[in-house]
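User: I'm new to reading protein structures and would like a close look at just one part of this one. Could you walk me through a single helix and what surrounds it?

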Amino acid sequence: MVSEEVLRTHLQELRRGTVVVASLVALRRPDYGYALLQRLAAHGFAVDANTLYPLLRRLEDQGLLTSEWNTEESRPRKFYRTSDDGQDLLNRLLDDMTAVRSSVTELIEGAER
């Protein structure tokens, strides 16, 4: 039987890349970090704030997100949005995820190529 530690490690590896995809999808609608954390958690992506905020900065540095400060409320918040380049990357990542899923399904079903 597989130990919980081994399972947790593999699940963490599997989900690592999907957080980028989930963030790019979610941020097609502008949002701030904490709200994004809550939205991702509500959809089954449990992400630690210490992981998400550096990820948002990295995606912004790569030009995949844009950001804008909203100072209209009592507490200023930085809103992120998926950029055009981010949307292009997202489309390619989603295509690849579909291809990977299809390949795994074929392997499970024993299809020959």
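This is a predicted model: local features need pLDDT of at least 70, side-chain atom pairs count only at pLDDT 80 or more; totals for chains, interfaces and linings use all residues.

The buried residues of H3 are Leu 52, Leu 55, Leu 56 and Leu 59. Here "buried" means under 20% relative accessible area, "exposed" means over 50%, and "partly exposed" is in between (1.4 Å probe, protein chains only).

Residues are numbered from 1 along each chain as its sequence is written, and side-chain values use heavy atoms, with hydrogens and water left out.

Now the helix itself. H3 runs over residues 49–61, which is 13 residues. Helices (H or I, at least four residues) and strands (E, at least two) are DSSP runs, numbered from the N terminus. From first C-alpha to last, H3 reaches 18 Å, close to the 18 Å expected at 1.5 Å a residue; the expected span is 1.5 Å times one less than the number of residues.

What does the buried side pack against? The buried residues of H3 pack against helix H1 (4–26), helix H2 (33–42), strand S2 (65–70) and strand S3 (77–82). Turn to the face pointing away from that buried side, and you find the exposed residues Asn 50 and Asp 61.

Both ends of the helix are worth a look. At the start, a side-chain oxygen of Asp 48 comes to within 2.8 Å of the backbone nitrogen of Asn 50. After H3 comes Gly 63, whose phi is positive, near 80 degrees.

Leu 24 is found in helix H1, and Leu 24 is buried, with a relative accessible area of 0%. Leaving aside neighbours within four places in sequence, the contacts of Leu 24 (heavy atoms within 4.5 Å) include Leu 59, Leu 65 and Thr 82.

Leu 65 and Thr 82 lead us to the strands. Thr 82, in S3, is the bridge partner of Leu 65. S2 and S3 pair in the antiparallel sense over six bridges; two strands pair if DSSP finds at least two bridges between them. They belong to an open sheet of three strands in the order S1-S3-S2, with antiparallel pairing. The edge strands are S1 (31–32) and S2, each pairing on one side only.

Side chains of opposite charge can pair when their charged atoms come close. Glu 60 and Lys 78 meet through their side chains in a salt bridge (3.3 Å, N to O); the term means a side-chain nitrogen of Lys or Arg within 4 Å of a carboxyl oxygen of Asp or Glu. This pair links distant parts of the chain, with Glu 60 in helix H3 and Lys 78 in strand S3, 18 residues apart. Glu 60 counts as partly exposed, at 22% relative accessibility, and Lys 78 is partly exposed, with a relative accessible area of 22%.

Definitions and conventions: A polar contact is a pair of N or O atoms within 3.5 Å; within protein, one must be able to donate a hydrogen and the other to accept it, and residues adjacent in sequence count only if both atoms are side-chain atoms.
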